[in-house]
Amino acid sequence: MKTQIIQATFVVIMLVLTTALSQRFSSILGLTGVAMTYLLLVVAVAYFQSFLSACFTGLTAFFLINYFFITPRFTFQVANVESIASLVSFLLVSLVITSLVKKLRFQTGESMAAYKRADFAKRLAEHLAIADDINTFFQESCHLLSAEFETKVLIGMLDSESKFVINSDTNEITLPTHNAMRWVADNGKPIGPFTGNWEASEHWVIPFNRLPSKDPVLIVSNVGAGANLATLNAIKYSVDQIAVSYQRLNNLERAKKAELIAQEEAIQNALLASIAHDMRTPLTSILGAATALGQKNVKLSESQNAHLTALIASQAQHLATTTENILSLIRLESSTSNTIPMTLESPEEIIGIVLKLYKDRGDDLNFNVTINEQELLIYANANLLIQALINLIDNAKLSNLSSHVQDAIQIEVGKKDHRIYISILDSGEGFSDDFNITKIKKFSSTHSKGFGLGLPIVQAIANAHHADLMISNRDIHGACVTLSFAIPEIDSVYA
């Protein structure tokens, strides 16, 4: 009622102003100009106000023109037929224009509504197409629906204890009762105004699934008196789209879990097969040597005893290294780099520790160490880095042996392209032309001895240090494997 009074007051004021201006300039405008001025007012009222307001304006303008501008003036009498024709023409034109403007407004409103629906459908489709996480998907879907329908929208679903969990904060709104949401999930039917179920409810609760299920339900709060069937249908259509994407994401998560389980089973099977196959040789050697040493009726020479003892130690060391690699690989794959303690370490000191380990082990290896720049520091875990270098050196040793090369294994440390590198170089056959970092796989070895864990361990340790692992073949013969580390900030302070 208040709005109608304001509109009527506005029309009256505009009619008074139009009449006053028309009287002031009637000599210039003439009867045709005056009629056109009133006609413009009728068009404006028809476009911005209701159809009845426009009809009232046109009819009032008809009498005002007759009273103020048709001779004899200030009476409702008409002196001639031409004036009557002009007045009737004005009234008919104003009514026709009012009707056309009303139709134009209706079509414009329909077009704008269709555009908004199409734009919303496009945004919703884009959101549904790129969604890859269910929780984020629910939150963004609620945000889009809340903005489109100008009300709070939530998604709830039953948890493992058959309790409804809402995906958002619910402090600001009242929710339907637990029984109402359970009824929707158990029956697969919506509740709320225009649904035919619990129409007295102030909420719409719409299920994702039209059958009894534990699938989520969409909750539209504060439906209010402005609710209508068209809005309900639009929301139900959006829920159908969201439900399809939810099922897709659900199936994708199940597939990922199944793939992860399959991968874990494959790794376990590969590990068991590798242990059963590759550990047989060193264990057989150890058992054979131990049996020979334990036979009292067989006298062995001092050199034979030393050889068998060295064989046991070598094979035991090989098994110990392999076991440590397997355990380290499991630890690295189940942790993140943030959980691994890192400190400033000197590559030169790390290499010194590695060489001492080989010396204490009694391994007759020749090393050629080149330190291109002194006092370098990197952030690293010393134990993991030592293990990585041992694996690279063992690989280099096997490469040299398979090529019957007696050259020393080269170790280089330096700084290049604003990074600190540690390189291990051998004189073997090198990598195949099509080999690259992406082809590094666990339990896949090119050597007859080993489990194929060397490079995978090094790659995992490099990833934990945010370091680069690079492989290449040397110009003449042999391979070069490099670990490249970022220069720590402290390095720039001492530079």
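**Cysteines**

I looked up Cys 142 in this predicted model and found a relative accessibility of 6%. The cut-off for buried is under 20%, so I recorded Cys 142 as buried. I then turned to Cys 480, whose relative accessible area is 13%; Cys 480 is therefore buried by the same cut-off. I next asked how many disulfides the count comes to. The count is 0 disulfides, the criterion being a pair of cysteine sulfur atoms within 2.5 Å.

**His 203**

I located His 203 in the loop between helix H6 (178–187) and strand S3 (204–207). Is His 203 buried or exposed? I noted a relative accessible area of 6%, so His 203 is buried. I listed its contacts, leaving aside neighbours within four places in sequence.

**Helices H1 and H2**

I examined the pair formed by helix H1 (residues 2–24) and helix H2 (residues 26–48). Their axes come within 9 Å and cross at roughly 165 degrees. Angles over 145 degrees count as roughly antiparallel, and I therefore described H1 and H2 as roughly antiparallel to each other. I recorded the crossing of H1 past H2 as right-handed. Which residues make the contact? From H1 I noted Val 11, Met 14, Leu 15, Thr 18, Thr 19, Ser 22, Gln 23 and Arg 24. H2 contributes Ser 26, Leu 29, Val 34, Thr 37, Tyr 38, Leu 41 and Val 45.

**The sheet with S6 to S11**

I traced an open sheet of 5 strands in the order S6-S8-S9-S11-S10, with mixed pairing. Its edge strands are S6 (367–371) and S10 (468–473), each of which pairs on one side only. I noted that neighbouring strands of this sheet are turned by 15 degrees against each other on average, direction ignored.

Within the sheet I followed strand S8 (residues 409–416) and strand S9 (residues 419–425), which pair in the antiparallel sense over 7 bridges. What is the bridge partner of Val 413 in S9? I found Ile 422 in that position.

Technical notes. Residues are numbered from 1 along each chain as its sequence is written. This is a predicted model: local features need pLDDT of at least 70, side-chain atom pairs count only at pLDDT 80 or more; totals for chains, interfaces and linings use all residues. Side-chain values use heavy atoms; hydrogens and water are left out. Two strands pair if DSSP finds at least two bridges between them. Helices (H or I, at least four residues) and strands (E, at least two) are DSSP runs, numbered from the N terminus. Axes are lines fitted to C-alpha atoms, for helices over the stretch in contact, and angles run from 0 to 180 degrees between N-to-C directions. Buried means under 20% relative accessible area, exposed over 50%, partly exposed in between (1.4 Å probe, protein chains only). Angles under 35 degrees count as roughly parallel, over 145 as roughly antiparallel, 65 to 115 as roughly perpendicular and the rest as oblique. A crossing is left-handed if the near helix is turned anticlockwise from the far one by less than a right angle, and right-handed if clockwise. Contact means heavy atoms within 4.5 Å.
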